[in-house]
Amino acid sequence: MTEPRVVPRAEHPISRRDIDPDALKVLYRLRQFDHVAYLVGGSVRDLLLGRRPKDFDVGTSAHPYQVKKLFRNCWIIGRRFRLAHVRFGAKVIEVATFRRQVEPGEEIVAEGVPVPSHHTEGEEPDGHDAAGAHHLIHRDNTFGTPEEDAFRRDFTINALFYDIATFSVIDYVGGLDDLKAAVVRAIGDPEVRMREDPVRMMRAVALAARLDFSIDPPVLEAIRRHRRDLARSSPPRLLEEYYKILRAGSSEKTFRDLAAVGLIEPISKELHQGAADPLWRSLGALDAYRRRFESAPDTLTNPILLGTLLVPLGVSLHPARHDPSHADPDGRRRPQGPRLGELPLARRDVERLRQILGLQRRLRDLGASPRAQRAITHRSIFRDALTWLEIHEHSPEIVEHWKGVLVGEGSTGAAGVAAEAEGMPRRRRRRRRRRRFSPQPQ
């Protein structure tokens, strides 16, 4: 057992006024029914730094189906380890039962209960016999205590808890000291933690770039030593990490640092080779736009983010031809889907990006007739095309012109697009009730 450091309310800056009110509802209701309930992870870190958290996650002693009984607006997700998602409109408060690290020789059965596995001595679980493969986490974690939950997390500054019962901050792993020293430090042996989940290497770099922190030298050394393990991670998961970085507002610094430690080359040689001034300018323009908003706006869609990477690299957006290196077992060649190195790209995102870029010429043609300009505003791609123009084309007068066209038209649909371009929520159009016909008396 580790004695935690407990910081009372008078000695830390977190106020309930800064916590999402729906997250507070979840915390209070769990406490009302005698469950331990903490605000956990990055939200506590950001609140202590005076930043606005992106998400407010909750850790609790309640099991997922106990949480579900307390909230009618709750859905259980996940198969290996179940999470509770409590929905408030489009917002989701994620509620996770406290977990612990799975030890070698354990296997998870239903509801997070561990049992010993029966593989023979010297045999690798799940059939993985490649060097280092047994370090990967192939199963999720089991239920545990708050202390065990803290020690299974990745970095010390992400393992802080805020207790709604006492309004105190709880630190089992030295995260408060590292927060004060502005350093990203792994919990436990960095070599083991990076090999357990290679995506942690990307997250360490992204976290340090976003917070302007340094990376603990042993973590940096582990990243350099095991950087090629990143290629063993799930490609869709890696792509999602790219999207998170691009939405965070510090993508230029993050990708520069990823390139410096060699974390781009194992998964995307095109991006590694194209890490030059055109890419940095593109990412810098995206960051400047993102910093205008308190949180990532809906206008930053995947096609916009994808284009920010692909366009400066000169990557072709046209459908790929048949590639002899990608063939079915019977020898027939099949078309290769759009990719960024080892990362598969959604065809719909690539096609939408092509349409966005194709509309730029028409947006710059301010000599078109008013009727033609109004027609452009009703195209489904217009919203994204205007965002791309605003971020990357450096023509504020043209952007203002099109926003003026939207305001002048005065239609609900166009006004909604204009509102979204400014980062405001779109107003729903009210449906007009049809007038009932009543025959006149004869």
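Predicted model: local features only at pLDDT ≥ 70, side-chain atom pairs only at ≥ 80, totals over all residues.

Mentor: Gladly, and let's begin with two terms. Helices (DSSP runs of H or I, at least four residues) and strands (runs of E, at least two) are numbered from the N terminus. Local features need pLDDT of at least 70 and side-chain atom pairs pLDDT 80 or more, while totals for chains, interfaces and linings use all residues, and side-chain values use heavy atoms, without hydrogens or water.

Buried means under 20% relative accessible area, exposed means over 50%, and partly exposed lies in between (1.4 Å probe, protein chains only).

Next comes helix H1, which holds Ala23. Ala23 is buried, with a relative accessible area of 0%. Leaving out residues up to four places away in sequence, Ala23 touches Phe56 and Ile93; a contact here means heavy atoms within 4.5 Å. The C-alpha atoms of Ala23 and Val58 are 7.6 Å apart, although 35 residues separate the two along the chain.

The charged side chains come next. Side chains of opposite charge can pair when their charged atoms come close. A salt bridge is counted when a side-chain nitrogen of Lys or Arg lies within 4 Å of a carboxyl oxygen of Asp or Glu, and the model has 28 salt bridges by this rule. One of them joins Asp22 and Lys91, with the closest N and O atoms 2.5 Å apart. This pair links distant parts of the chain, since Asp22 sits in helix H1 (residues 21-32) and Lys91 in strand S6 (residues 91-97), 69 residues apart. Asp22 is buried at 11% relative accessible area, whereas Lys91 is partly exposed at 29%.

Another salt bridge, at 2.9 Å between the closest N and O atoms, joins Asp178 and Arg185. Here Asp178 is buried at 6%, and Arg185 is partly exposed at 30%. Glu265 and Arg228 also meet in a salt bridge, 3.7 Å from N to O. Glu265 lies in the loop between helices H10 (251-260) and H11 (269-273) and Arg228 in the loop between H8 (217-226) and H9 (235-247), so the pair ties together parts 37 residues apart in sequence. Glu265 is partly exposed at 24%, and Arg228 is partly exposed at 48%. Salt bridges with shared partners also join Asp20, Asp22, Lys25 and Lys91 into one network.

Finally, your point about confidence. The predictor's confidence in each residue, pLDDT, runs from 0 to 100. The protein chain averages 84, and 79% of the residues score at least 70. Over residues 107-141, pLDDT stays under 50, and the model has 60 contacts for them beyond four places in sequence. Residues 326-330 are also below 50, with seven contacts beyond near neighbours in sequence.

Methods: Residues numbered from 1 in each chain as written.
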